[in-house]
Amino acid sequence: MSRFQNVRLEHASRLINHGPTVLVTSAHGGHRNIMAAAWSMPVEFTPPRLAIVIDKRTFTRELIHASGYFGVCIPGAALADLTYAVGSVSGREIDKFARFGIASQAGSLTGVPLLEHGCAAWMECRLIPEPHTEQAYDTCFAEVLSAAADARIFDNGRWSVREDNAELHTLHHLGAGRFATASKTTHARPA
Ligand SMILES: Cc1cc2nc3c(=O)[nH]c(=O)nc-3n(C[C@H](O)[C@H](O)[C@H](O)COP(=O)(O)O)c2cc1C
């Protein structure tokens with residue numbers, strides 16, 4: 001049974017505000033794909049928009065430009081190996097879903113593959129066409145159309161990082177396959 005529940009769009013920016021490494025999913029013309037991306041950030045409030053660096057040479061980028069959509073899934077600590085693996089080989093060579101036994105469901109708005117098992121959250125995104133930016137840079141801009149999160153770690157618009165949900169703690173890439181996990185919070189006192 002899915003523990004995912006809808007995240008209100010006004011709270012979507014909080015899913016990546018703390019800089020987790022994400023899994024970018026895409027699909028077009030009978031192909032599906034998934035890659036790791038450490039570089040993403042929220043950029044606008046309403047509608048929620050994000051910026052994400054997706055190398056122009058990736059298969060992901062090709063599928064996103066063809067379909068106009070992509071998914072952003074936020075893996076938990078238990079998916080560190082998988083995250084590194086899908087970021088180390090191109091979908092031009094293999095079907096990474098089959099190769100790594102990745103279960104996914106098609107997003108109801110966009111049809112992109114969405115992962116829940118082992119993930120803390122996902123977002124369905126629409127690429128914002130920016131011909132000049134797309135030609136010149138690896139950065140893509142997108143609008144978040146829908147979002148959902150595992151209520152054990154993100155509920156009512158807030159992350160709740162605890163000892164009992166360690167497998168869902170987000171991954172933060174340090175380089176060369178080493179990740180820090182977001183495993184402790186500090187609450188600033190009001191001034
Ligand atoms: C932890 C990790 C983080 C990565 N972050 C990014 C990133 O932010 N942007 C990017 O373009 N590639 C990033 N990569 C590299 C892509 O995931 C990699 O090029 C991938 O093989 C592309 O797959 P594709 O050709 O199937 O789309 C990262 C790789 C790893 C392992």
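This is a predicted model: local features need pLDDT of at least 70, side-chain atom pairs count only at pLDDT 80 or more; totals for chains, interfaces and linings use all residues.
Reader: What counts here, and how are residues numbered?

Author: Local features need pLDDT of at least 70, side-chain atom pairs count only at pLDDT 80 or more, and totals for chains, interfaces and linings use all residues. Residues are numbered from 1 along each chain as its sequence is written.

Reader: How many helices and strands are in the protein chain?

Author: Both are DSSP runs, numbered from the N terminus: helices are H or I, at least four residues; strands are E, at least two. The protein chain has four helices and 14 strands.

Reader: Which residues come nearest the ligand?

Author: A residue is near a molecule if its C-beta atom, placed from the backbone, lies within 6 Å of it. The ligand has 23 residues around it; Thr-58, Thr-60, Gly-87, Ser-90 and Gly-91 come nearest. Elements giving two or more residues to this shell are β3 (31–37), α1 (59–67) and α2 (80–86). β3 gives the most, with four residues.

Reader: Is Leu-82 buried, partly exposed or exposed?

Author: Count other C-beta atoms, placed from the backbone, within 10 Å of the residue's own: 20 or more is buried, 12 or fewer exposed, in between partly exposed. Leu-82 has 19 C-beta neighbours inside 10 Å, so it is partly exposed. Leu-82 lies in helix α2. In the protein chain, 39% of the 191 residues are buried.

Reader: What does Leu-82 contact, beyond its neighbours within four places in sequence?

Author: Contact means C-beta atoms, placed from the backbone, within 7 Å. With those neighbours set aside, Leu-82 contacts Pro-75 and Phe-100.

Key: Two residues are in contact if their C-beta atoms, placed from the backbone, lie within 7 Å.
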